[in-house]
Amino acid sequence: MKKFIQTILFLCIISSSIFSQDLDSLYHKLFTSINYSKAADEISSGKVETIKCGMYIVNELKENFEKLSPEQKNNLSFLQMRPQTETSIISPSGYFRIHYNTTGVHAPGYNLNELSIALDSTKKFEIDFLGYPEPPNDNGEGGDNLYDVYIQDLGSIYGYTDFVSTSNSPSFMVIDNDFNIHYTKGIDGAKVTVAHEFHHAIQVGSYLYRSNDSFFYEMLSTSMEEFVFDTINDYYDYIPNYYNNAQAPFYATYGGGYDLAIWNIFLKEKYGYDVIKRSLENVVNHSALESIANSIAEFGGSFKSDFAEFGVWNYFTGSRTKRGKYFDEAEYYPHIKPVMSINFNPSSEMVMVNSNPVSNNYLRFVDVSRGLPDTLVAIVTNNDYQSTSRTEFNYYLYNYSAEGSTNINDLYWSKITSNKKSIFSETVIFNNELAVEGNTERVEVDFAFPQPFNYNKHAFLYIPTSKDISGKSFLNIYTTSMDLVFSDEKDIFATDKIVVRWDGKKSNGEKLPTGVYIYVTKSGDIIKKGKLVIYNE
């Protein structure tokens, strides 16, 4: 059977030469965002999202200020000067000066002593520990040569870094005064923002900022949040943009680079922090993707193989997390969304995909021909970081050894054809395990997972049952007093383990209170039972 899949080419809105309509769009986005009440209304209605970093918007509008209308210039006149504040304090290390108002709409809504400590911790980690150079001083622009941080009501913007030029430039940062309408609120929002913006200060201070590679700088700064303040995890709000669109080109994802913090987390786990720093050094003379590839090569790796491996790491998240492997926080990440999902009809399928450069294409096949469903996910990686053009490939899946095909395991074979075949590589996941010869059988387990189940962290519980040719199992859930709270026939889930999937809710859809519950599954004549814990915060 032949199928055609057209992936979308995501166009980057960033350009070194900005069009008037783009300028109007940036103006509207910024002006709406800094109007607190309007931003709050639009965020609550789902019309707009918070802006993690306003650096690109602010500096593009400043650079093109004379192209704005008189009304737009008037509304954005504050961009032409530093914020005016009543007073300031110096951080304990004597490195930062924090400017703020004690009353009014711009007054801080969090503890300034905690902010001061967070700033010093950021400098200690990013400069003293990681070895980045200090941002150049501003020759007394903020009253002295300390690094200036201004607290303002920024509406839906977390913060931004304001700089003079794109290299060797002094800068200052502006951060929101309370983070009340952001994903991460209060002092925690302030902490990740200073970690983020201070790295931008490093980028423009000693390296090079190139607006058409803005994804790279945002990726760097967002990953710094996780490295400096590991327990806050504001980046969780952005990574679904990548997990829902992994087929997008790496340089133009929906998340604007914030969602790609996971790439630097991946690199850090493989090579350490220095490979990330080296990519920033290389970007002075090369494009962002070339800089990343060159840096990996300098550390003995290969962008081609690492980007393919990155695709595997991003599969094993959420309920598919492998403890002790891949991302440390994988269980809190969403599942990757396949670019397509079809039923496999033996003896073969062929899919045509128009693939974006630097993308992972997840092709999901479900085979029900052997009773219980088998799920096979082919991750076809386009490794072409030197092109911006899409490339078509054909993916063939067989249940026999066809001419030119490669063995996946005892049951399946595959083949990729393309006029640029060298840019593609393939990794296959079979029933949630890396496919190797012989791994075609499911394992029976005697425990439910994840445990404890938390409604705020997990989407489903996986409960043990036994294999049945019908692919069905009955599931009953009882309280410890043997009150029945859920009963239904469930599909045996397509995984490496023989389980059924349950969302932890009563038959009427209500969440259960925190407590211990008893599960009973019946598949054919085989009954399994045990206990599980539900945590309802």
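1. Helices and strands are DSSP runs, numbered from the N terminus; a helix has at least four residues and a strand at least two. By this definition, the chain contains 12 helices and 22 strands. The model under review is a predicted one.

2. The overall dimensions come next. The chain has a radius of gyration of 26 Å, close to the 24 Å that the globule rule gives for 537 residues, so the chain is as compact as a globular protein of that length. Along the principal axes, the C-alpha atoms fill a box of roughly 80 × 65 × 45 Å.

3. On burial and surface, 57% of the 537 residues count as buried. The chain exposes about 22600 Å², and carbon and sulfur atoms supply 48% of this area.

4. Contacts within the chain may be sorted by separation in sequence. Among the contacts with a separation of 6 or more, 66% are between residues 24 or more positions apart.

5. As regards charge, the chain carries 46 positive and 66 negative charges.

6. The structure holds 52 aromatic pairs. One of them joins F96 and F198 in an edge-to-face arrangement, with 5.4 Å centre to centre and 65° between the planes. F96 belongs to strand β3 (residues 96-100) and F198 to helix α6 (residues 186-206), so this pair ties together parts that are 102 residues apart in sequence. Both F96 and F198 are buried.

7. Another aromatic pair is formed by Y235 and Y333, again edge-to-face, at 6.1 Å centre to centre and with 80° between the planes. Y235 is found in the loop between α7 (214-228) and α8 (239-243), while Y333 is found in the loop between α12 (303-313) and β7 (340-343). The pair thus links distant parts of the chain, 98 residues apart. Are these two residues buried or exposed? Buried means under 20% relative accessible area. Y235 has a relative accessible area of 2%, and is therefore buried; Y333 has 4%, and is therefore buried.

8. The relative accessible area of V58 is 0%, so V58 is buried. Which residues does V58 touch, not counting those up to four places away in sequence? The residues are L30, L79, Y160 and D162. V58 and D162 are 104 residues apart in sequence, yet their C-alpha atoms are 7.5 Å apart in space.

Methods. Residues are numbered from 1 along each chain as its sequence is written. This is a predicted model: local features need pLDDT of at least 70, side-chain atom pairs count only at pLDDT 80 or more; totals for chains, interfaces and linings use all residues. Side-chain values use heavy atoms; hydrogens and water are left out. The radius of gyration is taken over C-alpha atoms; the globule rule is 2.2 Å times the number of residues to the power 0.38. Buried means under 20% relative accessible area, exposed over 50%, partly exposed in between (1.4 Å probe, protein chains only). Contact means heavy atoms within 4.5 Å. Accessible areas come from the Shrake-Rupley method with a 1.4 Å probe; for residues, only the protein chains shown count as cover. Lys and Arg count as positive and Asp and Glu as negative; His and the chain ends are not counted. The place of a charge is taken as NZ of Lys, CZ of Arg, CG of Asp or CD of Glu. Rings of Phe, Tyr and Trp (its six-membered ring) pair if their centres lie within 6.5 Å; planes under 30 degrees apart count as stacked, over 60 as edge-to-face and the rest as tilted.
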